[in-house]
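Dear colleague,

Please find below the structure that I am handing over to you. A summary of the findings follows it.

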Amino acid sequence: MIVVMGLLTMGAISTIVQQAMTQQLEEQGLTYSRMAADNVANPLLDGNVLIVQRTIENLQQTGSGISYVYVIDNDGKVAAHTFSGGFPSNLTNINILERNQDTNTILLNLQSQGLIRDVGVRILKGLNAEIHVGFSQNSISQWTYNVRKLMLSLTLYGVLLGAVAALILSTLITRPLKKLASHALRLGKGDLEEDIIIRGKDEIVELALCLNRMRKDLFTGMQKLRQSEESNRTLLEAISAAGEGIAVFQENGNQKNVMKFVNEQYERLTGYTKEELLEMEENKVLRPESKEQVEEIWNRYHQGLRLPKQIEIAINRKDGSKLYVEASYCSTTYEGNQAIICINRDITEKKKTSLEIIRKNRELEALNELSKAISGQMNLKDKLNEALNTILQVIGKQAGWIFIYNDRENENQAELMCQIGIPSEEALAQTKQFQVCSCFAKPNSNNVQVHSSPSIACPIKQLALPDGTKALNHVYVPLAYKGRVLGVLNIIGSKSESFTKEDINLLNSIGMQLGVAIENAELWVELNKKEMLRKQLLNKVITAQEEERKRISRELHDESSQSIAALGVGLKSVIEIMNYDKDYALRILEDLKKNTSMILKELHHIIYDLRPSLIDDLGLLPALRWYVESRLGITGIEPHVTFTGNPIRLPDEIEITIFRIVQESITNAIKYSNAGNVYLGLEFGHNSLVVYVKDDGVGFNVDEALNQKNGKESFGLLGMRERAELIGGEIEIYSQSTMGTRISLKLDFPDLEEERYEENQNIFGR
């Protein structure tokens with residue numbers, strides 16, 4: 001890649017350099033040729049061939065890259081030339097100007113001098129006299145060769161550097177991998193005593209840490225396994241005295257599973273006496289949800305299959321309460337007959353804890369699904385609709401809707417965002433009726449409320465759910481953020497449905513999460529709006545900057561560069577004339593002196609437009625007075641400038657920012673206000689400053705100018721605000737039709753080392 005890119009770059013740069021130098025050579029040749037034509041015109045008309053010869057020889061000696069110069073008189077003959085070995089006869093037939101041509105340039109290939117660019121210029125219009133100047137292109141070829149040589153060297157260096165970097169990088173990468181592989185082999189052989197130690201912060205180190213955690217888990221697991229095996233042996237040895245509930249079941253003649261033996265612990269578990277339990281069918285102590293499990297155990301027993309070591313079943317105590325036990329089954333022989341022995345251990349508390357964990361996991365899973373639903377780049381309505389669908393699925397309800405409060409208009413006004421299970425028209429009507437319903441919480445209520453028996457007037461009783469049942473209860477869930485209710489989630493239920501305490505806790509968490517989502521969505525919209533404005537403003541600033549550069553370039557090219565070129569030609573002419581007519585040369589020098597002053601004024605004008613030097617030399621106040629009076633003085637608008645308080649010098653960045661804000665304000669007043677008077681004021685206070693620009697023009701609508709949606713925002717006003725914020729200030733804009741406009745900048749600054757304007761009171765203290 002480096003070689004290919006280097007060759008492409010070498011070709012591109014060589015072409016660009018060759019084209020640029022060729023264009024420069026053509027422009028230089030045309031300039032030299034015209035200057036030479038002006039210098040030889042008078043001597044040629046006077047027939048003074050000696051002066052013509054001397055002039056073209058001087059041109060060849062002083063000009064850069066000039067190979068030859070020759071002059072053809074009005075009769076088409078060579079009047080003078082600079083060829084040391086005689087004038088080549090074939091040149092008179094090459095690059096001859098037509099009658100309608102003043103200049104012409106062609107490329108020649110001379111055996112003695114190589115590629116030559118011949119520039120022909122007519123000396124005077126109406127005459128056939130021509131002057132031809134030949135410029136060598138050897139320098140262009142040499143430059144192109146040097147550029148290609150440099151690019152080729154850089155490409156070779158890049159290849160060598162890339163190879164060295166690749167070698168070093170591969171070594172650094174593979175070293176920890178090899179070390180990690182050796183440790184992994186050690187772990188695979190069962191050596192779990194030592195950790196893997198690899199230094200660094202990359203993915204390999206993370207993998208090593210994972211292997212270390214796995215090693216510790218395996219080591220701990222193996223230790224626990226050994227301990228468990230030892231405990232099981234002890235348990236088997238002491239099972240008769242362990243206190244577990246033990247029962248033995250046999251089949252009687254009716255294929256019923258009846259109890260043949262129970263211990264005291266089994267009596268305590270079930271609440272029955274031993275006499276009541278013996279010959280009792282097993283199904284009478286089992287709850288319905290566990291009967292199928294036990295039936296499967298007896299089926300396996302009949303098929304001669306291995307019985308499960310441990311299952312969880314639920315049994316009915318004598319008092320009707322529910323008990324969870326961990327049951328272990330195995331085949332045995334009791335009183336000479338085949339039987340099944342069941343060892344039971346009370347796990348009711350453990351089961352409750354497990355169910356609580358499952359419920360918590362369910363809540364976490366619901367919140368996780370809700371987070372997925374409200375994340376992403378969807379708009380707020382789509383997010384809330386997806387969230388509502390998820391909520392209804394999690395809590396098993398059919399219908400609900402979400403509305404939010406519109407604080408910008410009226411805190412009692414609600415906007416329907418989404419609904420499921422009821423038509424949108426019905427949900428919209430319910431949203432409006434809920435605002436006056438007696439069972440509906442007042443706005444900004446932060447408590448989840450369940451209404452199981454709504455009043456007759458409650459609009460919820462008018463709804464029918466998708467399955468055809470009536471809506472007889474509902475729950476109010478506030479969507480709050482930092483104590484402020486942003487909206488409401490309503491979930492509807494039928495008579496057969498109820499909202500458990502777990503549902504309420506889950507909905508409370510969901511309400512807070514949706515509140516955060518609503519707040520984030522509003523902040524995201526506001527952030528996107530500000531980001532769009534910032535991008536538009538930046539684009540406008542760049543465009544304005546390029547336009548200003550284009551204007552400066554055009555002014556320098558059209559005015560200053562032309563004047564300087566003329567000045568150079570004039571000075572060269574003076575040098576030629578000085579030896580013959582000193583008085584005439586002095587008059588020309590006087591004219592050139594005046595031209596120099598004009599060029600200097602043009603440059604000063606351009607410099608002042610870029611940055612007035614008065615700010616650096618005298619300070620902000622004189623610069624503002626000069627700018628306002630000079631700009632408004634040529635427009636017919638009357639300027640009024642006042643400074644109050646105790647003026648001090650401010651840091652450079654603050655002074656230039658204030659100047660640019662005033663500059664933009666004055667420019668807007670000139671362009672748009674049609675004002676007769678413009679007032680500029682600076683009011684200095686203690687560690688504060690107020691700058692205002694006011695006019696008595698037509699005014700405008702500030703909100704429309706700052707908040708247009710079609711990409712036509714007032715970037716001048718936005719730019720002023722951005723500048724003010726950068727220095728810690730605040731821009732205030734007041735404008736009204738026919739009442740004019742006032743733009744003020746308020747700025748607070750800490751104690752500064754006060755540099756007064758005492759020496760310049762005569763400049764601004766009017």
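Thr-155 is a buried residue, because its relative accessible area is 9% and buried means under 20% relative accessible area, exposed over 50% and partly exposed in between (1.4 Å probe, protein chains only). Please note that this is a predicted model, in which local features need pLDDT of at least 70 and side-chain atom pairs count only at pLDDT 80 or more, while totals for chains, interfaces and linings use all residues. Residues are numbered from 1 along each chain as its sequence is written, and side-chain values use heavy atoms, with hydrogens and water left out.

The surroundings of Thr-155 may be described as follows. The residue sits in helix 3, which covers residues 138-188; helices (H or I, at least four residues) and strands (E, at least two) are DSSP runs, numbered from the N terminus. The side chain of Thr-155 comes to 2.8 Å from the backbone oxygen of Met-151. Leaving aside residues up to four places away in sequence, Thr-155 is in contact (heavy atoms within 4.5 Å) with Ile-2, Val-3 and Gly-6.

I turn next to the salt bridges, each being a side-chain nitrogen of Lys or Arg within 4 Å of a carboxyl oxygen of Asp or Glu. Across the whole structure, 9 of them were found.

One of these joins the side chains of Glu-276 and Lys-318, at 3.0 Å from N to O. Glu-276 belongs to helix 6 (residues 274-277) and Lys-318 to the loop between strand 8 (311-316) and strand 9 (322-334), so this pair ties together parts that are 42 residues apart in sequence. Glu-276 is partly exposed at 32% relative accessibility, and Lys-318 is partly exposed at 46%.

A further salt bridge, at 3.3 Å from N to O, is formed by the side chains of Glu-289 and Lys-322. Since Glu-289 lies in helix 7 (residues 288-303) and Lys-322 in strand 9, the pair ties together parts that are 33 residues apart in sequence. Glu-289 has a relative accessible area of 43% and is partly exposed; Lys-322, at 34%, is likewise partly exposed. Arg-287 is linked with Glu-289 and Lys-322 in a network of salt bridges.

With kind regards

Key. A polar contact is a pair of N or O atoms within 3.5 Å; within protein, one must be able to donate a hydrogen and the other to accept it, and residues adjacent in sequence count only if both atoms are side-chain atoms.
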